[in-house]
Amino acid sequence: MNRHSRITGTGSSLPPRRLTNADMVELLAARGVETSDDWIVERTGIRARHFVADGVFSSDLATEAARRALEAAGTDPASIDLIIVATSTPDMVFPSTAAIVQHKLGMAGCPAFDVQAVCSGFVYALTVADAMIRSGSASKALVIGSEVFSRLLDFNDRTTCVLFGDGAGAVVLEASDTPGILATDLHADGRHVGILCVPGHVNGGQILGDPVLKMDGQAVFKLAVGVLEEAARTVLAKAGRTEADIDWLIPHQANIRIMQSTARKLKLPMDKVVVTVDQHGNTSAASIPLALDHAVRAGQVKSGDTLMLEGVGGGFTWGAVLVDF
Ligand code: UT7
């Protein structure tokens, strides 16, 4: 009998501090930077985002999301034998945030590591966990996306600082006789490193380079709309399915216009697209599992639904995972 992996529980975490676009207008005005609710909503669909308080790290959000996913799966931490955290905002340069999460969950012993693929991080992490489960290297994994992007933002740069937020989402992925993860497809193209990056690094006790987020929004936008359609079609073909089989498209939540364009290309009405970018902003690797958990808890996504999860972001990286939920 073939060995497969299935998602058996989801969870998420958002820091309590919620900033509406009006709050951002005020925050930026204090620095002499102009923006407006109209511009942000029209160009991105974002209305609010959450920011962590001082002293709260990716591992804190990840741990809370993981606890909720474990509870939803009806499983206890002791039976988890793999932890993967997708993050570009780790607590420390090293060790991994996954190792810190493992300790915060009161566990020890199982492999725990981070995956760094920026906004595609969760689909990368899910693909790795699925492969490890199918190969027999693991049986029950925690796959988490967690970010504190607010710490990377330059609040003098209105073209980026209004877009991002903090949060975490998690799933429990278990070995199963029936397929849950149907097909996966991952890509990277390092020629585009410069269009979305945080170019700083640590050297001799100092940060060299510019440790804030830089983005050529239009270049990212153009690449994103092309590769999201391509990756979706690839996983559908690998799984022997068609667009008509998709119950829910759950794309990386960066910009409502990118999501609308992807849905149009896949001939999906917007009522089959899970949208949380309006309330969370872009939470990078956390956005897909956060959106999934919100849709599950809202009663939208149900057991048996076919889900198209798609990520795209810095690297340039992109990928898709087709799931029977
Ligand atoms: O998570 C990884 C994936 N990331 C993405 O998918 C992001 C992809 N890119 C985008 O979502 C969009 O390109 C943005 C939302 C970042 C920008 O939207 P745009 O429609 O491409 O706007 P733009 O960069 O062409 O800027 C248009 C105008 C400019 O003014 P001028 O030069 O026309 O006078 C900007 O200065 O909008 C201005 N602008 C703003 N105005 C008010 C830029 N940011 C703001 C702002 N408030 N926050």
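Tutor: Happy to! A charge counts as sitting over a ring if NZ of Lys or CZ of Arg is within 6 Å of the ring centre and within 35 degrees of the ring normal. Keep in mind that this is a predicted model.

Student: Which residue lies over the face of F57?

Tutor: Look for a charge over the ring, with the cut-off of 6 Å from the ring centre. A side chain at 5.3 Å from the centre of the F57 ring lies over its face, and that residue is R151.

Student: Are the rings of F51 and F155 stacked or edge-to-face?

Tutor: Planes under 30 degrees apart count as stacked and those over 60 as edge-to-face. The ring centres of F51 and F155 are 6.0 Å apart and the planes meet at 70°, so the pair is edge-to-face.

Student: How many residues apart are F51 and F155 in the chain?

Tutor: F51 sits in the loop between β3 and α3. F155 belongs to the loop between β6 and α6, so the pair links distant parts of the chain, and the separation is 104 residues.

Student: Which helices does the salt bridge between D60 and K104 tie together?

Tutor: The closest N and O atoms of D60 and K104 are 2.8 Å apart. The two residues are 44 apart in sequence, and the helices that hold them are α3 and α4.

Student: Is D293, the salt-bridge partner of R297, buried or exposed?

Tutor: R297 and D293 both lie in helix α10, four residues apart. R297 counts as exposed at 51% relative accessibility. For D293 the relative accessible area is 2%, under the 20% cut-off, so D293 is buried.

How values were computed. Residues numbered from 1 in each chain as written. Predicted model: local features only at pLDDT ≥ 70, side-chain atom pairs only at ≥ 80, totals over all residues. Heavy atoms only, no water. Phe/Tyr/Trp six-rings, centres within 6.5 Å; stacked < 30°, edge-to-face > 60°. Salt bridge = Lys/Arg side-chain N within 4 Å of Asp/Glu carboxyl O. Buried < 20%, exposed > 50% of the residue type's maximum accessible area, 1.4 Å probe, protein only.
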